[in-house]
Amino acid sequence: MNKTLNIEVFHGSLTAGIQEFRPASHFGGRLEALSAIGAKAFLDNVTDGKPILYKVSLKVPEINLFKAKEDWGKFGPQGALLPLRALMEIGADQKTRLDIAKRFNNYHQEINNANTEAEKITIGEKFLEKESGETYKVIQYSNLVEGRGDGYCVIDTHTLIIESFSNPTWGEVVEAFKNHGDWARGKDAAMSFMKSIGESESTYF
């Protein structure tokens, strides 16, 4: 029997009013989602908007959830092509692996040759949908960047239901961001930002 898993996950964002997510969006535990907001703010220097935490139900047939060996460290559809290729190569013969490698190398080349970031995302989503088919819906991995919990890269967004959202404080974001792998690089930006909104440095640092 194909059991359907119901996993509670979170997505951190600075974008209000999200009604649906794009393929290859990432989800995880609450602290990891808060840490992801911190990364956007203090590593990418995007602080417009208020922190938003989306609580999401991930409903996926167990047979369609795959575990990657490691966090591939690259977001978006182009990043998701990396673990998808590795999963497809498991148990394949040499000829099949070579065919997979050739196709995926061509995908990455076409994406990299795109003129805009939006075009890269669109092309990447097309290839991701083509290769994942009805089989690869969600890829689970051990999150070694935002924290230490499990992360989920969702390819088939029909598996997602947004349950609710909340507005955490920037203080909560900073506390979670301290667990981020790039905390040392983003600490000064976090400190400057908290000062700019009138928060005491001693409270968080």
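Which residues does Asn 64 touch, not counting residues up to four places away in sequence? I looked this up to open the notebook. Asn 64 touches Glu 134, Thr 135, Tyr 136, Lys 137 and Val 138, where contact means heavy atoms within 4.5 Å.

**Ground rules**

I note that this is a predicted model, so I keep to its thresholds: local features need pLDDT of at least 70, side-chain atom pairs count only at pLDDT 80 or more, and totals for chains, interfaces and linings use all residues. Residues are numbered from 1 along each chain as its sequence is written, and side-chain values use heavy atoms, with hydrogens and water left out.

**Entry: Asn 64**

I placed Asn 64 in the loop between strand S3 (52-61) and strand S4 (65-67). Helices (H or I, at least four residues) and strands (E, at least two) are DSSP runs, numbered from the N terminus. I then checked its side chain, which reaches the backbone oxygen of Thr 135 at 2.9 Å. Is Asn 64 buried or exposed? Asn 64 counts as buried because its relative accessibility is 10%; buried means under 20% relative accessible area, exposed over 50%, and partly exposed in between (1.4 Å probe, protein chains only).

**Entry: salt bridges**

How many salt bridges does a search of the whole structure find? I got ten, taking a salt bridge as a side-chain nitrogen of Lys or Arg within 4 Å of a carboxyl oxygen of Asp or Glu.

I looked at Lys 55 and Glu 8, whose closest N and O atoms are 3.4 Å apart. Lys 55 lies in S3 and Glu 8 in strand S1 (residues 4-13), so this pair ties together parts that are 47 residues apart in sequence. Lys 55 is partly exposed, at 30% relative accessibility.

Next I took Arg 30 and Glu 172, whose side chains meet in a salt bridge of 3.2 Å, N to O. Arg 30 belongs to helix H1 (residues 30-42) and Glu 172 to helix H5 (residues 170-177), so parts that are 142 residues apart in sequence are tied together by the pair. I found Arg 30 partly exposed at 36%, and Glu 172 partly exposed at 31%.

Asp 99 and Lys 95 also form a salt bridge, with their closest N and O atoms 3.1 Å apart. They are separated by about one helical turn because they stand four residues apart in helix H3 (residues 94-112). Lys 95 counts as exposed at 59%, while Asp 99 is partly exposed at 34%.

I also noted a network of salt bridges linking Glu 134, Lys 137 and Asp 156.

**Entry: the S1-S3-S7 sheet**

I traced three strands forming an open sheet in the order S1-S3-S7, with antiparallel pairing; two strands pair if DSSP finds at least two bridges between them. The edge strands are S1 and strand S7 (160-166), each of which pairs on one side only. S1 joins S3 through ten bridges, and Thr 4 stands opposite Pro 61 in S3. S3 and S7 pair over six bridges, with Ser 166 as the bridge partner of Leu 53. S1 is mostly covered, with seven of its ten residues buried. H1 lies across S1 and S3, running at about 30° to S1; axes are lines fitted to C-alpha atoms, for helices over the stretch in contact, and angles run from 0 to 180 degrees between N-to-C directions.

**Entry: the S2-S6-S5-S4 sheet**

Here I found four strands in an open sheet, ordered S2-S6-S5-S4, with mixed pairing. Strand S2 (25-27) and S4 are the edge strands. Ignoring direction, neighbouring strands of this sheet are turned by 25° against each other on average. S2 and strand S6 (residues 150-154) run antiparallel, joined by three bridges, and His 26 has Cys 153 as its bridge partner in S6. Helix H2 (residues 76-89) packs on the sheet, touching S4, strand S5 (138-142) and S6.

**Entry: helices**

I checked how H2 packs with H3: the angle is about 175° and the axes are 10 Å apart. That makes the two roughly antiparallel, a label for angles over 145 degrees, with under 35 counting as roughly parallel, 65 to 115 as roughly perpendicular and the rest as oblique. Finally, I looked at H5, where six of its eight residues are buried, among them Trp 170 and Phe 177.

Key. A polar contact is a pair of N or O atoms within 3.5 Å; within protein, one must be able to donate a hydrogen and the other to accept it, and residues adjacent in sequence count only if both atoms are side-chain atoms.
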